[in-house]
Amino acid sequence: MPGFFLVFFALLLLTTTTTTAYQAKLVSSLLKTKQTTVDKLATVAPDSSELTRLRFALAFPSQAEATRALKATIAWRAGPGKSIVEAASKAVVEATRNPGEWDNEPVRLAAPHAKTINQFITPKNILTLSTEDGDLVYIIRASAINDNQLMRKVSVKQLSEFFAYVKEVHSIVANARSERTGRLCEVIFANDISGIRLPPNSKFSEALTSSSKQYEQLYPSLAGPTMILNLPLILQAFIALFKPLFPKTVQDRLLFERAPFLASQKELTPLTTTPKSRDRFLAEVKKLLR
């Protein structure tokens, strides 16, 4: 199997743990098992919400590790990530100005380096949908991104900041839904491999690597299952060979599946503009995650 496929998959995987049973995702149930850690984390970050502290408590095996991670996150949010956090917060307010509606344009326009990056990352190749349970589905069709042209226009740091902004928006939305529903909402990844023919640009890959580390470090317990969809038939035979190379926590939530309806779409845009297409895709996702 071409080595670049292994590299590509590795860059898309986000090494955080996840739960699958609905009951296990109830915030009240999770708090009962982690209340001591959650309460102790309040002494480190008294301004952080109980839900945020719960996510850290769930992601790290010890109080000490959760404390270190939370302190590092606080430092990032008050320092290098401050402008990203503030821009995302303001954009979500604008996007939800009309009750019950979501206007994505303010979110796109407020992203770091949006004027350049939005020429290449559009709803045709990356978008976010919502499941009926409140989880977010982050869909990526990498073959539709001209990563070589993109990386001629922006630096690895700039693209990493863009992806960090996306995570912050996802985090705000997922936490708000968790607070409202009492269910710990997460981000499900749908990585559509349709059309992949060439290895990714090395700088683009570097930005993806940075992005994956951000989930583990800054947004623990936010990432849910990762689906690698529509892998070329010639490569499917190799799944059993390279899946064991990944950590157990990744293997447990890594799915290689066919998504015929998604593959049939020339671009991703209809998933947001056509209710019937959106519903068919979300039904496909629900079936794959059973």
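**Close-up views of the predicted model**

**View 1. The largest pocket and its lining.** In this predicted model, the largest pocket has a volume of about 1000 Å³. It is lined by 35 residues, of which Trp 102, Asn 104, Thr 128, Leu 129 and Ser 130 are the closest to its centre. Two or more lining residues come from each of α6 (105-110), β1 (126-130), β2 (136-141), α9 (156-181), α15 (270-273) and α16 (275-288), and α9 gives the most, with 10 residues. Sorted by class, the lining of the largest pocket comprises 20 nonpolar, 9 polar and 6 charged residues.

**View 2. The hairpin of β1 and β2.** These two strands form a hairpin with 5 residues between them, and Gly 134 in the turn has a positive phi of about 105 degrees. The pairing of β1 and β2 is antiparallel and runs over 5 bridges, with Val 137 in β2 as the bridge partner of Leu 129.

View 3. Because 6 of the 6 residues of β2 are buried, the strand is largely enclosed by the rest of the structure. In a regular strand the side chains alternate between the two faces of the sheet. In β2, Leu 136, Tyr 138 and Ile 140 point one way, whereas Val 137, Ile 139 and Arg 141 point the other way, and all are buried. β2 also pairs with β3 (residues 187-192), in the parallel sense and over 6 bridges, and here Ile 139 stands opposite Ala 190 of β3.

**View 4. The buried residues of helix α3.** Within α3 (residues 50-59), Leu 51, Arg 53, Leu 54, Arg 55, Phe 56 and Ala 57 are buried. The elements that cover these buried residues include α2 (27-41), α4 (63-78), α9 and α10 (202-218).

Key. Residues numbered from 1 in each chain as written. Predicted model: local features only at pLDDT ≥ 70, side-chain atom pairs only at ≥ 80, totals over all residues. Heavy atoms only, no water. 1 Å grid on protein atoms, 1.4 Å probe; cavity = no way out; pocket = protein on both sides within 12 Å on 5 of 7 lines; lining within 4 Å. Points joined across faces, edges and corners; volume = space filled by probe spheres on them. Helix = DSSP H or I, 4+ residues; strand = E, 2+ residues; numbered from the N terminus. Nonpolar A, V, L, I, M, F, W, Y, C, P; charged D, E, K, R; others polar. Buried < 20%, exposed > 50% of the residue type's maximum accessible area, 1.4 Å probe, protein only. Contact = heavy atoms within 4.5 Å. Pairing = 2+ DSSP bridges.
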